Structures are given as C-alpha cells and as structure tokens.
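The report that follows reads one model from its strands to its cores and its ligand shell. Please keep the sequence and the coordinates open alongside the text.

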Amino acid sequence: MTDDVKQKLTNVVLELHQNCIGLKLRDVTLKTYTRILLRHLLTIIKSPISHPRHKRRAQLILVSLVFVSLGAVSTVSYIGSNVVSKFIHFYKYSWRDQSRSKGLNLLRRSRSQMSLKTGARIMYIKEESNVKFRNDRDGKLDGTNYSHGKDTTRQLNNRDFSRNLISGAKDTNEDFTKINGKNKKIYIPPKNNDVYEHDKFLFKNVDLEKTKTSTLFYSKFLNQINVLSKILMPTIFDKNSFLLTLQIFFLVMRTWLSLFVARLDGQIVRDIIAGDARKFMIDLLIWFLIALPASYTNSAIKFLQRKLSLNFRVKLTRYIHDMYLDKRLAFYKLIFDNKASSSVLKNIDNSITNDITRFCDATCSVFANIAKPVIDLIFFSVYLRDNLGTLGVAGIFVNYFITGYILRSYTPPLGKLSSESSAADGNYYNYHVNMINNNEEIAFYQGTDVERNKVKQLYETLMDKMLNVSKRKFNYTMIEDYILKYTWSGLGYIFASIPIIMSSMKPGKENRNEQNNMKDFIVNKRLMLSLADAGSRLMHSIKDISQLTGYTNRVFTLLCALHRVHSENFSYGATTEFMQILGEENNTTTSTTNTSLIKYKKQEKEDIIAGTIQHNFNGIRLENIDIIIPSVRGKDGIKLIKKLTLQIPTHIDPISSRAPSIQDLAAMNDITMPFLTGDNSSLLILGPNSSGKSSIARVIAGIWPIYNKYGLLSRPDEKSLLCIPQKPYFSRGGTLRDQIIYPMSSDDFFDKGFSDKILVWILTEVRLEYLLKRDVGWKYLDSVADWKDVLSGGEKQRMNFARVMFHKPKFIILDEATNAISVDMEDYLFNMLKRYRFNFISISQRPSLIKYHDLLLEVTGNEGTWQLKTLGTDEAITSIDNEIEGLQKRLEKVNQWKLERDHIQQTLSVI
Ligand SMILES: Nc1ncnc2c1ncn2[C@@H]1O[C@H](COP(=O)(O)OP(=O)(O)OP(=O)(O)O)[C@@H](O)[C@H]1O
C-alpha cells in the first residue's frame, strides 16, 4: 500500500470521527483509542450543551458497541468452553477406545435415573438416539433407531450393559458403538408437599367464584391466570421471572431502535433530496451499524418467547405429574370426581399433553403480542406528541378505542370454540388409541364396521368443529383487515401530514425548507405506520386473548380436579353441594323429602368418608365395613355388602400386632429356603357375579373408601401386601424382566443386587421357564414386546404368580387369579403358595378352590349378606356336603331331562 493511499484512508477515518461525533483524533495512538472514544461518547451523551445530532449518534454508537462486544464475548466463551470440554473428553475417555480395541469387556451399566437423598432425581436422556448395533453372529451392520422401536427380539438399552456387568457374562458376539450418544443430565427438584397443600386453597377459591360470564378480561380469567402464574413463576428470583424481565428489556430496546430507525430513515431521504453525499454516507454507515443490535434484538425476543413457553410447559407438566402420579392415586380416583364426565378429564392424556402445550404457547405469544404494541404505543405517542401535538395523538387514541369497540363486538367466542375443537381432537385421538389397544378383540368380533362408523363420526365432529372456528373467523378477519390495514393507513397519512399543513398555513413560514418537510413527513409517516401496526397488533390480540381464555379454562379445570382428587379429604365425588340439590329436588317432587333434606344436611356436617384405617397391622382385618360403590351419593350409594367383619390370620398376637419389616432383601437370593416363617392362613371369597367380591379387595387395597363411621380396616404395611387384579397388567415397552419384577423398576432391581439367576429360578417355579428358550442364554429376559398381546391368558396369570414369588409379600390378594389356568396347574400354584407359607385371600366363583383355603367367606349378593366359615369345621363340611348333595340331586334328573329332550325332538320331526 503506497503512502498516498494510506494517508487518504487515515484522513477519511479522522474526518468521519470529526464530522460524526466531533472527536479530533490527530494525536491519538491506537492504544489509547478505545478509552478516548468511550470517554468522548459518554461526555457527549451526558452534556446538555452538545449538539443533538452528535448526541443521537453517540448514543447509537455506544449501544452498537455494547452489543458487538457482548456478542463477541459470548461467541469467544462458547467456542472456548467447547474446545476445553472436547479436550477433557478426549483425555478422560480415550482409554475406552484403546481398551475396546484390545477386546476388553468394558460394557458398563448406565442408569436412566437416580434418586438423591434429598428426594430430587437425576435423569439421563440420550441426546442422540442413533445407535449402531453390530451383531457378529450374522455379520450385519445395522443402524437402527432403537429408542422407540417395538423390537421383540432385542433392544439396545441400559439393561444390556447392566446384564453383562452383573452376570459377568463376556459377550464376545456383540459390539455396541454409540454415535454421538451423549447423555443429557436433567435435574428434577424434590416434590414440595406444602406447596400442593397451599395451592389447594387457591384453586378451590377461584373455582368457587362463578360470577361473571364475559369472555374478555373478566375476573374469572384474570383470577385463573393469577393462580397459574404462581406455578409458572413462584418467586421473582425464579429463572422464568428473569427470562420475562429480559424479554421486557429487549422489547423496550426494540421500540427504541425502531424510533431511531424511523428518524434515520427521514434523515437519509432528506440527505438524498438535498444531495448531501457526505451526510448521506455517514447516515448510511449508522444505518448498517444499527442493523446489528436491531436484528439481534428481534431474534432474542423470539428466542426468549419460545424458551419461556418451554419453561412454563416444564413447570406445569412437572407440577401435574407430581400430583397425578403419587401415592394418593389421583390417576385412579379421577374417575370418581364429580366432573369426571367433562371433556378435560375424560381425555386427560390430551389435556396433560396438548392443552398444556397450547396454553403455554398462547400465554407467551399473547404476552409478546400485547407487550410489544403497548411499549410501541407509549414510546411512539410520546415522540409523536412533539410532532403532531396533543390533539393529534388524542385523535389517534380515540380512533383506537372506536376500532377496539367495533372489533370487540364482532369477535366470535373463540375461547369456547377452541376448547370444543380441542375436546373433539382428544376424543378422536383417544378412540384410535383404544382401538390399537384392543385390536385383537375387535378382530375376533369382526367389529370393523362399528369401529369405522365411530371413527368416522368422531372425525367428522372434529372437522366440523375446526371448520366452525374458521367460519366464525371469516367475517371477523374481513372487518379486521378493512379497518386495521386500510382505514388506519389512510388515517396515518392524514395525521402525518397535519404538522406540514399546519406549518404551511402559518404566516411567514411559506418558504419552509422542502427537505425538512420531506424529512418530517417520512419520520411521521413511518411512526404513524408503526403506531398503526402496534394498534392493529393490539387489536389482533383481542382474538388471541379470547383463545387463551379457552386454554386457560381447560388447564385450570384440570388442575382444580387434580387438587380435589389429590386432597386427603377427597370425597370420591360426593359433594355436599350435590347432596343439597338432591335434597331440594326431592323436596319438590316427593312428600318424604324433608327427611331426606335433613339427612343430607346432616351428612354435610359429618365427614362424608368416616371409616378408619389402621396401617402396619400384622394381618388383614375388616370390622363392620360397608362395601359401598363410590358415587355422588356418598354413604347413601349402592351398598354391596353390609357390615363385613373378617380377619386373617385368625390369631394375631395382640401385643405385637405391628408387622415386622419385610424380609431382608439380601436373603432373597437364598433361593433354596422357603421365604416365610410362621403360620400361613388363607381365605376364599365365593359369590355370584357382581356381588362385590372384587370390591372387598378394592377396600383392602385402599382404593375405595370406607364410608361408615364404625368401619375399621387394619392392613399390613404397603410392602407386605400385594394385590393381583382380575385383569393382568403388563407395562408397555418393557422387557420380560420388567414384567416379572413389576412394580419394581429394573434400576432398583440391579441396585439392590438382584441377578437374573433369581428370575430364572422363579420362572422355573411357575413353570414358565420354556419362555427363556426363545432366545440364546437368558436374553429373552431383555426382549421388549407388547407382553399383553404376546403372552397367552394362562401365561399372564402365571406371570402374576411369578411377581408374587419375586416380591414375597406376607399377604396376597388374588382376584380370579387362576380362572384361565388348567386344573392341574392351579393345584400346583396354590400348593406352591402354601409351601412358601404365604397368607392369601382368593376371590373366585369356583367352590373347587375350597380345598386350598382355611376360611370361606360366602357373599350372597342378596341385600349385602355374607357368611364366614372356618373350613374343616362341622359347619363348613355340612355346607360343602349340602352343595354336593344339591349337585347330586341335579345329576339324578339328567336321565329324565334326556327323555324330555328326545320327546320334544320327535314331536318336532313329526311337524
Ligand atoms: N368404578 C365403578 N363405578 C360404578 N360401579 C362399579 C365400579 N366398580 C364396580 N362397580 C359395580 O360394583 C358391583 C360389584 O363389582 P365387583 O367387581 O366387586 O363384582 P364381583 O363380585 O367381583 O363380580 P365378578 O365375579 O363378576 O368379578 C358391580 O355391579 C359393578 O358394576
């Protein structure tokens, strides 16, 4: 570069500084340049006597410098941290690759989650689910995504690693290679029960306030949002509060930058018209500089909106999960809630997934859509007031209010419509899920036509609801477009020209500079259009708010129901309110009403659920318990069994009735010894269909309430009681191991030091060992399948016995647990239970099971009566003898019936 060019460039830079911000750089060195520049900029901004143009430019340059340096620092730190972590990773894990190449077995168990002592959980989620799986046996290289696949033969998951480590098996046939298989660590804070108890009051209070019915800005909506905001942002120091503040900061920043751009735009037009090349170049340079923070701000606003929406979703979902899935069994009890028939609860899966997402997205977008124009309106109107005068700005706002009023009166009830559409969506989706779950049954029944009609009907309803939303929006969008796009722009031109017309009318100002007029017009027009845009966005958000009310209401209904059901005093749907209504209805229709009203009012004062439960009892004891179907009628509901009293074992040491802790888990690997010591006892519950046999199990398990005041249930601690339901349950997407050890997780299984050896032994005991022959070694334990469909009816029931053998509870309740099993296998399984000294209650309709039990409870199904007999006593033997006698009498009649049949057939052939 020649000296001449160098000199010219230096001059340009010096002139730029001099003209732009009045900074003389003659004697400044490169070292001191930044310090001097910053000091100069600050001096100009602070000084009241500095030139306004210089002041503006200084502000702009300073903001740009801050943004550029922030961007540079964050980029450098991001790159730096990445490089450092790569180095650490390289040094820390490179030995793995080396050892793998030497053929060492380094497969390690990696857990999917971990519980900390504080109650918090740490979960590991695979960031990249593409896993390469090489099977040397057939020499294939298969890049399959195993994360969600329903692979019945093999799935690469944590269990593969664990099995190899624990059993010590050296698997030389297989080699697993993770491609970018990073695990992301997620920290889930412990559940704070106090928060839920506190929130129950908040939800109850708002739920009871059913006063106003307007759709926009009515107190119910604001109250709901207010309560929900306490979940989304519990404190002002919360991460979400910080994100929200940051978003507001960027919104203000954006408006400020827009103002700057508007003025710059006017200046550039003026420079062009005036033919001032130097000023034009300077303004253009500023234009490009301002573009940097402006684009950064815009994308930051969008990013923050998305991030906030996701954070809200995480908070709400975790809040719901903690209530929905805990020991109080809200997921089961929800069916008894008095609002169980509402679409929100009927399709609770849809509510927890879709409604929460929609609500979070809508909240964040409504906030951005309102905050943006409001900030714009404040800033622009302050600026425009200088240009247009108070009257002009007042005119604009009058215009806004009129428009708002017109649009408001044409707004369709979008909240209600979108809520209906969401419900229809849930119904359609759920029906499909139900069909997939019961595909075999439907196929057997040849029920395709019925199912297709139902699916069609649900789909048409969904389409109708969606179309209805669009139809209702049509007129509104037309009016909205006409007013906001065209009328407002027209008015914008009028308002923008006001100052020019006014100044031209003033005497002595005729020769006002044309360029300045042009500049003012451009600035005013731009601001007016921005103002119109801000106003129209505000008007558009009327529609969004209306939609948000719908989502808020659905989410709020869901949370209210969850709080009701999760409450310790959940009344299983029996509300005092309903009872009152019931009482009043009776009052008008029948003459015996006053008594019922008094009865209900009395019940209102008493606890609806008045029974007592004693925990940690060394047995199962029911005393005077009425088995009542939970319903809105509470204790006046259908009584299946009256004043049931029984106990197993029959003799319990009264001094130490508290149960000892469950057997030492470490001893469980000692598989040659019987598990339990002491007496075993057994009770058989016999009775006709629907007589309430399973309901007894429900009460013992604590999932149905004891309504009557004098009812007392004494039950063992949770771990000592295992209830086997009538319908076998198999967890979805689990391995065979997961099914045997259910309800224990496989992480716990390995943590507690169990090995597959015990499972193999258990499968042999329940005669299911042949399943393991379906794969080499014990690999079948790792296979993932839809076990509900894979296992036969008898296999499923034997799997229940495998669960019993694994958990070794002291007490078992078996509800029709052997009705799909052959007689010889049934005999074997009951003898097995006796051999291992379990205490069990079996529910059945088959008297043939009597021989395996010590006690018999016969439920008659007749007015709730029952009989308890000790088997082996004279009374029981007489009862069995009576039954045998009855059967023999019926058998004697067989020949007579045959003769009658032959006679009828003969008569028919003659006809
Ligand atoms: N969640 C419920 N809501 C309403 N009614 C119920 C509910 N669960 C059970 N019932 C009713 O309670 C009655 C007794 O049911 P339960 O399951 O105890 O009968 P069961 O004696 O075990 O009959 P089965 O031998 O047919 O299994 C039935 O009439 C049933 O319809």
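## Strand pairing, cores and ligand shell

Strand 2 and strand 6 (residues 183-188) are paired in the antiparallel sense, and six bridges join them. Within this pairing K126 stands opposite N183 of strand 6. The model is a predicted one, and the descriptions below should be read with that in mind. Strand 2 (residues 121-126) also pairs with strand 1 (residues 113-115), again in the antiparallel sense, over three bridges. S115 has R121 of strand 2 as its bridge partner, and in the hairpin that these two strands form, with five residues between them, G119 takes a positive phi near 100°.

For the chain as a whole, 26 helices and 16 strands are assigned, and buried residues make up 29% of its 911 residues. Among contacts with a separation of 6 or more, 76% are between residues 24 or more positions apart.

Strand 10 (residues 682-686) is mostly covered, since five of its five residues are buried. S682, L684 and L686 point one way from strand 10, whereas L683 and I685 point the other way, and all of them are buried. In a regular strand, side chains alternate between the two faces of the sheet. Strand 10 runs parallel to strand 14 (residues 839-844), to which five bridges join it, and strand 10 pairs with strand 15 (residues 855-859) in the parallel sense as well, over four bridges.

| Strands | Sense | Bridges | Facing residues |
|---|---|---|---|
| Strand 1 and strand 2 | antiparallel | three | S115 and R121 |
| Strand 2 and strand 6 | antiparallel | six | K126 and N183 |
| Strand 10 and strand 14 | parallel | five | L684 and S842 |
| Strand 10 and strand 15 | parallel | four | L686 and E858 |

The largest nonpolar core has 64 residues, of which I685, A802 and I812 touch the most other members. Helix 23 (residues 793-807) supplies the largest share of this core, namely six residues. Leaving aside residues up to four places away in sequence, I812 touches L722, I724, V804, F838 and F840. Apart from this core lies another, of 62 residues, which includes L308, L384, L527 and Y572. In soluble globular proteins, nonpolar side chains tend to be buried together.

Which residues of helix 21 are buried? In helix 21 (residues 756-765), they are D756, L759, I762 and L763. These residues lie on the same side of helix 21 because they cover an arc of only 115° around the axis. An α-helix has 3.6 residues a turn, so residues three or four places apart point the same way. Just after helix 21, R767 takes a positive phi of about 60°.

The residues around the ligand are I629, L640, G687, N689, S690, S691, G692, K693, S694, S695 and Q845. By class, this shell has two nonpolar, eight polar and one charged residues. The largest share of the shell, three residues, is contributed by helix 18 (residues 693-701).

Methods: Residues numbered from 1 in each chain as written. Predicted model: local features only at pLDDT ≥ 70, side-chain atom pairs only at ≥ 80, totals over all residues. Buried ≥ 20, exposed ≤ 12 C-beta atoms within 10 Å, placed from the backbone. Arc of directions from axis to C-beta. Core = buried A, V, L, I, M, F, W, Y, C linked by C-beta atoms within 7 Å. Contact = placed C-beta atoms within 7 Å. Near = placed C-beta within 6 Å. Nonpolar A, V, L, I, M, F, W, Y, C, P; charged D, E, K, R; others polar. Pairing = 2+ DSSP bridges.
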